[in-house]
Amino acid sequence: TSGCLHSSTIFILIPSLVFVDASTGKIVCRNGLLVVRDDPKGLEFPWGPKPFAEVVAGPLLRNNRQTTDSSSLEGHYVGVYFSAHWCPPCRSLTRVLVESYRTVKESGQKFEIVFVSADRSEESFKQYFSEMPWLAVPYSDEARRSRLNRLYGIQGIPTLILLDTEGHMITRQGRVEVLNDPECRLFPWHPRPVLELSESNAVQLHEGPCLVLFVDAEEEGELEPAKELIQPIAEKLMAKYKAKEEETPLLFFVAGEDDMSDSLRDYTNLPEAAPLLTILDMSARAKYVRDVEEITPAVVEQFVGDFLAEKLKPEPI
């Protein structure tokens with residue numbers, strides 16, 4: 001968590017080490033660098049994910065210096081907040097998150113946040129935590145903080161992970177959801193099948209391969225037909241992988257004509273055509289382009305199917 005990254009920045013994080021189960025292709029651990037640092041002798045091999053309740057187990061602090069046991073989180077939606085006082089975007093998000101936290105609590109929802117500090121000193125941690133109305137892992141418990149970073153593969157801050165009442169992940173993109181939903185109407189922020197590309201959610205382009213449908217749209221509401229076209233395909237894919245208790249292998253976006261879309265096109269060297277159907281895999285620095293006159297559900301479904309079956313030839317980004 002040494003990086004402090006603005007949401008509008010397009011970035012590639014290196015070095016990065018990901019452990020995969022070769023027999024299934026499933027990711028075992030996203031943050032292998034922390035594993036190597038914390039378990040150099042491989043005593044915890046194969047470093048598979050553990051339940052949140054097991055990793056967070058122990059005393060949690062309140063900013064009035066009282067403590068509570070992590071078992072108090074049972075039955076609550078939980079936000080796991082990775083942040084630090086030295087990081088300006090973190091401080092900005094914290095101010096918004098305090099209001100969101102109070103809004104959700106006042107609505108009667110069982111909701112708690114656990115702050116996992118990346119501060120550089122205990123004094124800095126105490127100063128920052130004094131602004132927060134929720135819980136925190138003690139700064140002195142570096143091992144537990146590190147295990148939580150490993151559990152969720154944290155590579156940049158601020159990051160807000162949302163968990164359901166059973167401790168299962170709802171979304172890694174709590175930051176985006178909080179900023180886009182200040183009234184918390186969509187809490188607990190379950191992933192939506194299709195997103196409109198914006199500065200606040202562009203960071204998700206680095207979570208894995210993303211289908212981006214570029215269309216000729218400048219005004220609000222003009223992206224709706226494009227969303228309606230690909231939404232059934234996105235929903236079907238999400239449902240399929242949710243049934244297997246796996247993360248969906250593809251995120252879906254629609255993009256109009258704005259600075260964010262222009263920046264993405266320039267960065268990935270895409271043609272100016274609209275509509276333009278693409279799959280972008282930033283981590284692999286690869287792109288797949290389907291430039292046809294008419295984008296239909298059948299075209300999209302075939303494109304997605306061919307990508308998942310590894311039938312498409314990538315072009316370099």
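**The sheet around S11**

S11 and S12 run parallel and are joined by five bridges. Two strands count as paired if DSSP finds at least two bridges between them. Strands here are DSSP runs (E, at least two residues) and helices likewise (H or I, at least four), numbered from the N terminus.

Two words on the source. This is a predicted model, where local features need pLDDT of at least 70, side-chain atom pairs count only at pLDDT 80 or more, and totals for chains, interfaces and linings use all residues. Residues are numbered from 1 along each chain as its sequence is written, and side-chain values use heavy atoms, leaving out hydrogens and water.

Now the pairing. Val212 stands opposite Phe253 in S12. S11 also pairs with strand S13 (residues 276–281), in the antiparallel sense, over five bridges. There, Cys210 stands opposite Leu280.

Is S11 enclosed or open? Five of its five residues are buried, so S11 is largely enclosed by the rest of the structure. Buried means under 20% relative accessible area, with a 1.4 Å probe and protein chains only. Cys210, Val212 and Phe214 point one way from S11; Leu211 and Leu213 point the other way. In a regular strand, side chains alternate between the two faces of the sheet.

Zoom out. The sheet is open, with six strands in the order S10-S12-S11-S13-S14-S15 and mixed pairing. Its edge strands are S10 (194–196) and S15 (315–316), each pairing on one side only. S10 runs parallel to S12 (residues 251–255), joined by three bridges. Leu195 stands opposite Phe253 in S12.

Methods. Buried means under 20% relative accessible area, exposed over 50%, partly exposed in between (1.4 Å probe, protein chains only).
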